[in-house]
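Open the structure in your viewer and keep the selection tool ready. The tour goes stop by stop, with a short note at each.

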Amino acid sequence: MKDPAGTPLRQLVLKIHSRCDLACDHCYVYEHADQSWKARPVVISGETVAQTARRLADYARLRALDSVTVILHGGEPLLAGPARIHAICTELSATVGAVTALDLRIHTNGVQLGRRHLDVFREFDVRVGISLDGDRVANDRHRLDRRGRSSHERVLRAVRLLRTPAYRHLFGGLLCTVDVANDPVAVHDALTALDPPRIDYLLPHSTWDSPPPAGPPGSDSPVPYADWLLAVFDRWQEQGRKVPVRTFDSVLSTLRGGPSLTEAMGLAPSDLAVVETDGAFEQADSLKTAYDGAPATGYDVFRHGFDEFSGHPGVRARRLGLQGVAEACRRCPVVDSCGGGLYAHRYSSERMFDNPSVFCSDLRALVEGIAERITERALFPGVRDASELRFAQLGQDRELLVHTGERLAGRKDWDDAWQALLRLDADEAAAVALDRVMSNSHLRASLRHAPSDGALIARVASAAVATAVHARVPLRLSWDQRETTLHLPTLGTLALAAPGHVDITVHGRRFTVRTPDGTDLTVDEEAHAPRWRPSAFLDVKAPGPLLVDDADPWRTRYDAAVTEPLEPPALTAFGERLRTAHRILAERDPQWPGRLDALRPDAVTPLVAGAGVRLDTDAFGALGVAVDAEPGHVADELPLLGRRARLAGLRRVTDLNVPGTRAGYLITEAVEALGDTTRRAAGPHRAAAARERAERALTELSGPPARHLTETGAALVAELRAEWAERRDVRGV
């Protein structure tokens, strides 16, 4: 397992102005324990910006980062003025942008935001996030200017300007600090009325030494913040989740086994650094609420690099995942979603950060409340029909594509790619081809995890081209291709002389690529040609043709290294190993191809020698097989991997249990143990231990955890019990 502390930094908060034009009484910079702002330069110097940019570029080169995010921050960053912000963006773009994709953002209170600022942001594609706490009553409870006047109307004016067609694509979202004295539904309605691309609800920065404000008058709830957020969640659900809310999206993701989407919750290691106006490296700003000097590291960009900063003990402490939370948190059933809460919120002068969050009870109530609300309890037919499960997974992939389209609307090259997909989907034959391409697990993974908008646009555009070729539908698309390998999912791979803008025209089974150097290459779908390598398909009687994918850049999603593209003799030998493995499996169990848990991989990736046989890390249905794997060993592993893939697929499209409850663990244990009992290589002792595990899990699922099963989960458990009884009877037990 990789050390989380080795996860690279990908975000920089760059303080460009250390003062503010508002006097928010809940501000962690000015109103909390750390007062280091008083000794900072008011405005960052050009020299500090240049040195920071050089350090970040060096780090991106060292760690081979495909993208980095720089967030311009303060104080109030707009006080730096449009000219100075233009100079800062110019320096960052020229220095960092020459090494990696640069995602520029700014976080502002919006009071000063005008066309001069927005024209700068449009030039450098800077996404703008604005702080707003709801309607005027809610916002003015804390966010007044230095004369005690409301800031609300000035912020609304800025948002209205940001929403105009010229600047809409720059709107990054709204950030709202929760105050339980405000009406949660009124706050949410006020924010959603502004049609932001995203909302973040933030708990007020607090510690065990400085607890959060109590609930509203007359309330005796022990979890007022959970109550407030769940009221917003219910309203969000009623509205059809029309605006993404990062807190809720993160909980929904982690409850389903996905990644955390916010630093405030979840176990993902922090990937953020802060550089102050004097060039000092600091940890996350939220630590300013703990004690004076809490964010300090003693490092600065003039003497230290980002790699040195990432090794600072305080930074490493925030990158330890489950090992970095308090003992009580490690035993908590919702720790994967809560993650112990924001690191700063764990502080006490007695135990430092070795505590649960001061919002511990609220966070648990929030996670468990969302879990109860989202659980789909009705019977999902895909638990008894593999084709229904595949159809539901495809529907989910299409929904993801729709959400991607909504998020990227207006971005360069995206609208053409999106319109092409819509035209293809409207054509009956092309829609079948689109389903074929969309079912590819490597494409599915890239839609979920692409590191930047540019990479995602290129990936979707290349999928549209592949679909058009499969369907023999005319199409022309162009986009920025940042890699020299142009991979068309399920179709093949073209080697480019250099990255840059590509223009592709599809005509029948052929397509012509105008490469960045101005050369036109015409490629036949199935024929080898200079620079072109078609995808290889292996004819296996059951489960059918297999795509042997040794070229897709997203094929690396295994806990093992993949091979470089195989030469023809090695590819032939690899295919023969797979054919033999499937033949052995069919001889052992003639009914296997029709079983519900038979593995039907949409791609098989060659892994390096000694890597064995394994599913992709997302369990999306891709199979990795070592080039030296013995066919008998492959045949031995496929049934267990099929069980895992089916279980992951069911969990992706429906609920087997209330998320976050023990019933989910027990289902996994029963599936794994029953799979282990069938493995010939396990040996008698391991098989006996697997039988004990299966019986123990199924027995416990007859007790209290059963109340957390859905109808689908109960049906799956009944299936597992029947299999267990059959195996027990065969053994004569």
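## Stop one: a helix-to-helix pair

Select E669: at 17% relative accessibility, it counts as buried (buried means under 20% relative accessible area, exposed over 50%, partly exposed in between, with a 1.4 Å probe and protein chains only). Before going on, note that this is a predicted model: local features need pLDDT of at least 70, side-chain atom pairs count only at pLDDT 80 or more, and totals for chains, interfaces and linings use all residues. Residues are numbered from 1 along each chain as its sequence is written, and side-chain values use heavy atoms, with hydrogens and water left out.

A salt bridge here is a side-chain nitrogen of Lys or Arg within 4 Å of a carboxyl oxygen of Asp or Glu. Helices (H or I, at least four residues) and strands (E, at least two) are DSSP runs, numbered from the N terminus. R693 is partly exposed, at 21% relative accessible area.

Select R476 and D503. Their side chains meet in a salt bridge (3.0 Å, N to O). R476 lies in strand β10 (residues 475-481) and D503 in strand β13 (residues 500-507), so the pair ties together parts that are 27 residues apart in sequence. D503 is buried, at 16%.

Move to K288 and E276. A salt bridge joins their side chains (3.4 Å, N to O). K288 is in the loop between β8 (280-282) and β9 (296-300), and E276 in the loop between β7 (272-275) and β8, so the pair ties together parts that are 12 residues apart in sequence. K288 is buried, with a relative accessible area of 4%. E276 is buried too, also at 4%.

Salt bridges that share partners join them into one network. The salt bridge count comes to 53.

## Last stop: E723

Select E723, in helix α23 (residues 711-731). E723 is buried, at 16% relative accessible area. What does E723 touch, not counting residues up to four places away in sequence? It touches R643 and L674, where contact means heavy atoms within 4.5 Å. E723 and L674 are 49 residues apart in sequence, and 8.4 Å apart in space, C-alpha to C-alpha.
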